[in-house]
Amino acid sequence: MDNSPFSSDAIRTYLPDLRGKLNFKVPLNARSWFRVGGPAEVLINPADTEDLAYIIQNIPLNWPVFTLGATSNLLIRDGGIEGISLQLRRGFNDIIPDDAEGLIVGAGCLDTVVAENAVQLHLEGMEFLIGIPGSIGGAILMNAGAHGSEIASILDWVEIMTREGEIIQLPAASLGLSYRHSSLPQDAIILRARLQGKKSNPDTIRNYMDAIRKQREQTQPIRSRTGGSTFRNPDPSISQHKAWELIDMVGGRGLSIGGAQVSQKHCNFLINTGNATASDIENLGEELRKRVFESFGIKLIWEIKRVGRNLVEKG
Ligand SMILES: Cc1cc2nc3c(=O)[nH]c(=O)nc-3n(C[C@H](O)[C@H](O)[C@H](O)COP(=O)(O)OP(=O)(O)OC[C@H]3O[C@@H](n4cnc5c(N)ncnc54)[C@H](O)[C@@H]3O)c2cc1C
């Protein structure tokens, strides 16, 4: 008998009219960019916003709820994620032109798809999204950015659902967007957003996107199992060096623990060489933090979000 508070009986009692996809003990290693991580105890793909509101309003308020994006910035620990994991996909991936120069985009849209749509509409300003392998929900929460642009520079407003199931629209200025950070509450679910572009020449936009793709191919291990930049660059008032330089200076390049390795190509990227566990990757990251602290007194801050539980050792 399943004694978990999140058993299939319990879920069906609270959510008899759920329309979205409901699965139990879903291995997340097959989905995550790192290809590591234990299972989601319960994974729901809500059918649409109404279905999501039904879920949020009917499950007990003290149940943990975690929203997964495209998992490109997550290190999901080996014991998996407790409670309810949500992933917004179909039903949350519309892209609708708004006025001449805006796009209203669902949180489940991939950044690359938004960039492609923008160029079709001759909209400049969203090119940087072509290099970010996440979803719009994750991009807003992380204030994702690259090549001198970031979400904060194109975001007009965002619509979120609170943990109580209320939908509210917030102006970008209220989100505390700064370097890879927003002040949105952890339990807010991003539903959709309006991005602001500027009409421009499509050939110029396309050329810029091509240049971004090429540069990333040359400088980052984008075909590896990775989570992107592991650590935030230190504030310039603390160090003039980027995180990768500090890691390089402490002999981190190529360092490995178990199946986890510091990328030879870009040493702020950790990669799963094939059989890494999440704890190999986390331990490798902590080893780099220790070395950098011992050599320079600088505490590197994880940019990658580590979520879930460690595996419980069987005695
Ligand atoms: C090869 C590679 C290159 C990368 N390059 C860059 C880069 O240049 N610039 C950059 O900024 N990042 C980069 N990243 C990191 C990552 O792609 C971004 O942070 C991205 O925005 C994460 O989006 P995601 O959908 O994958 O979110 P996830 O990784 O799934 O989640 C990240 C956070 O967002 C939250 N979240 C996701 N969707 C929602 C939602 N709908 N509502 C509420 N919260 C939500 C999650 O709960 C989590 O806290 C890179 C990653 C890789 C693997």
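Strand E13 (189-196) has seven of its eight residues buried, so E13 is largely enclosed by the rest of the structure. Buried here means that 20 or more other C-beta atoms lie within 10 Å of the residue's own, with exposed at 12 or fewer, partly exposed in between, and C-beta atoms placed from the backbone. Helices (H or I, at least four residues) and strands (E, at least two) are DSSP runs, numbered from the N terminus.

Before going on, the conventions. This is a predicted model, in which local features need pLDDT of at least 70 and side-chain atom pairs count only at pLDDT 80 or more, while totals for chains, interfaces and linings use all residues. Residues are numbered from 1 along each chain as its sequence is written.

Back to E13 and its partners. Two strands pair if DSSP finds at least two bridges between them. Strand E7 (residues 102-106) is joined to E13 by five bridges, and the two run antiparallel. Strand E11 (155-161) is also antiparallel to E13, with six bridges. Which residue of E13 is the bridge partner of Ile104? That is Arg194, and Arg194 is also the bridge partner of Trp157.

Next, helix H2 (residues 49-58). Its buried residues include Leu52, Tyr54, Ile55 and Ile56. The buried residues of H2 pack against strand E2 (39-45), E11 and E13; contact means C-beta atoms, placed from the backbone, within 7 Å.

Now a second sheet topic. An open sheet of four strands runs in the order E1-E2-E5-E3, with mixed pairing. E1 (21-27) and E3 (65-68) stand at the edges with a single partner strand each, so one side of each has no neighbour in the sheet. Neighbouring strands of this sheet are turned by 30° against each other on average, direction ignored; the axes are lines fitted to C-alpha atoms, for helices over the stretch in contact, and angles run from 0 to 180 degrees between N-to-C directions. E3 and strand E5 (residues 81-87) run parallel and are joined by four bridges. Val65 stands opposite Ile84 in E5.

Ala40 counts as buried because it has 26 C-beta neighbours inside 10 Å. Leaving out residues up to four places away in sequence, Ala40 touches Val26, Leu28, Gly80, Ile81 and Ser85. Its C-alpha atom is separated by 6.6 Å from that of Glu82, which is 42 residues apart along the chain.

On to the ligand. How many residues surround the ligand? There are 33, and the closest are Gly69, Gly134, Gly137, Gly138 and Gly228; a residue is near a molecule or strand if its C-beta atom, placed from the backbone, lies within 6 Å of it. E3, helix H4 (136-142), strand E9 (145-146), E13 and strand E15 (225-229) each supply at least two residues of this shell. H4 gives the largest share, five residues. By class, the shell has 17 nonpolar, 15 polar and one charged residues. Ala, Val, Leu, Ile, Met, Phe, Trp, Tyr, Cys and Pro count as nonpolar, Asp, Glu, Lys and Arg as charged, and the others, Gly among them, as polar.

Last, the whole chain. The protein has seven helices and 19 strands. Buried residues make up 42% of its 315 residues. Among contacts between residues at least 6 apart in sequence, 66% join residues at least 24 apart. The C-alpha trace spans about 65 × 55 × 35 Å along its principal axes.

Terms used. Two residues are in contact if their C-beta atoms, placed from the backbone, lie within 7 Å.
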